[in-house]
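Keep the viewer open and try each task before reading its solution.

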Amino acid sequence: MIYDPAFAEVVAAFREGLTSGGGALAVISRGRVLVDVWGGTADEDGVRWWERDTVANVFSVSKGMLATVANLLVERGDLDLDAPVRRYWPEFRADATVQQLLSHQAGLAAVSHPLPP
């Protein structure tokens, strides 16, 4: 495990969060690794330790990144949350605003069965 001493509080908070289960955290800025830590256990029985290369499902990891980027674009005036999605994505067919899309209120149907490729 490596980390820049300036990020010691981040590493401490990560370790405090490992009360059950395990995980990893990496922070890279401009190609420089600032934090690369992992810990806890990688299985339900708490037998196998989390390693640097333990594979994990990430599920909704992109939501935080999308929210950050969207807010930066709003702040710069490049994204209007009240605009129709079609303003930015012409092929989008639902009548929904960007805000509705981002907040899962666009009324889009959920896929309830596997679709053909």
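The exercises below concern a predicted model and go from the overall fold to a single residue.

**Exercise 1. Work out which elements the protein has and in what order they run.**

Solution. Start with the count: the protein has three helices and three strands. Next, follow the chain from the N terminus, where the elements come in the order β-α-β-β-α-α.

**Exercise 2. Compare the radius of gyration of the protein with that of a compact globule of 117 residues.**

Solution. Begin with the reference: a compact globule of 117 residues would come out near 13 Å. Then take the value for the protein, which is 20 Å. For the extents, the C-alpha trace spans about 50 × 40 × 25 Å along its principal axes. Now turn to burial: 18% of the 117 residues count as buried. Finally, look at contacts between residues at least 6 apart in sequence: 24% of these join residues at least 24 apart.

**Exercise 3. Describe the surface and the charges of the protein.**

**Exercise 4. Is Thr41 buried or exposed?**

Solution. First locate Thr41: it sits in the loop between β3 (32-40) and α2 (62-76). The cut-off for buried is under 20% relative accessible area. Thr41 has 14% relative accessibility, so it counts as buried. To finish, list its contacts: leaving out residues up to four places away in sequence, Thr41 touches Gly21, Gly22, Gly46, Arg48, Trp49 and Trp50.

Key:
Residues numbered from 1 in each chain as written. Predicted model: local features only at pLDDT ≥ 70, side-chain atom pairs only at ≥ 80, totals over all residues. Heavy atoms only, no water. Helix = DSSP H or I, 4+ residues; strand = E, 2+ residues; numbered from the N terminus. Rg over C-alpha atoms; globule rule 2.2 N^0.38 Å. Buried < 20%, exposed > 50% of the residue type's maximum accessible area, 1.4 Å probe, protein only. Contact = heavy atoms within 4.5 Å. Areas by Shrake-Rupley, 256 points an atom, 1.4 Å probe, with all protein chains shown as cover. Lys, Arg positive; Asp, Glu negative; His and termini not counted. Charge placed at Lys NZ, Arg CZ, Asp CG, Glu CD.
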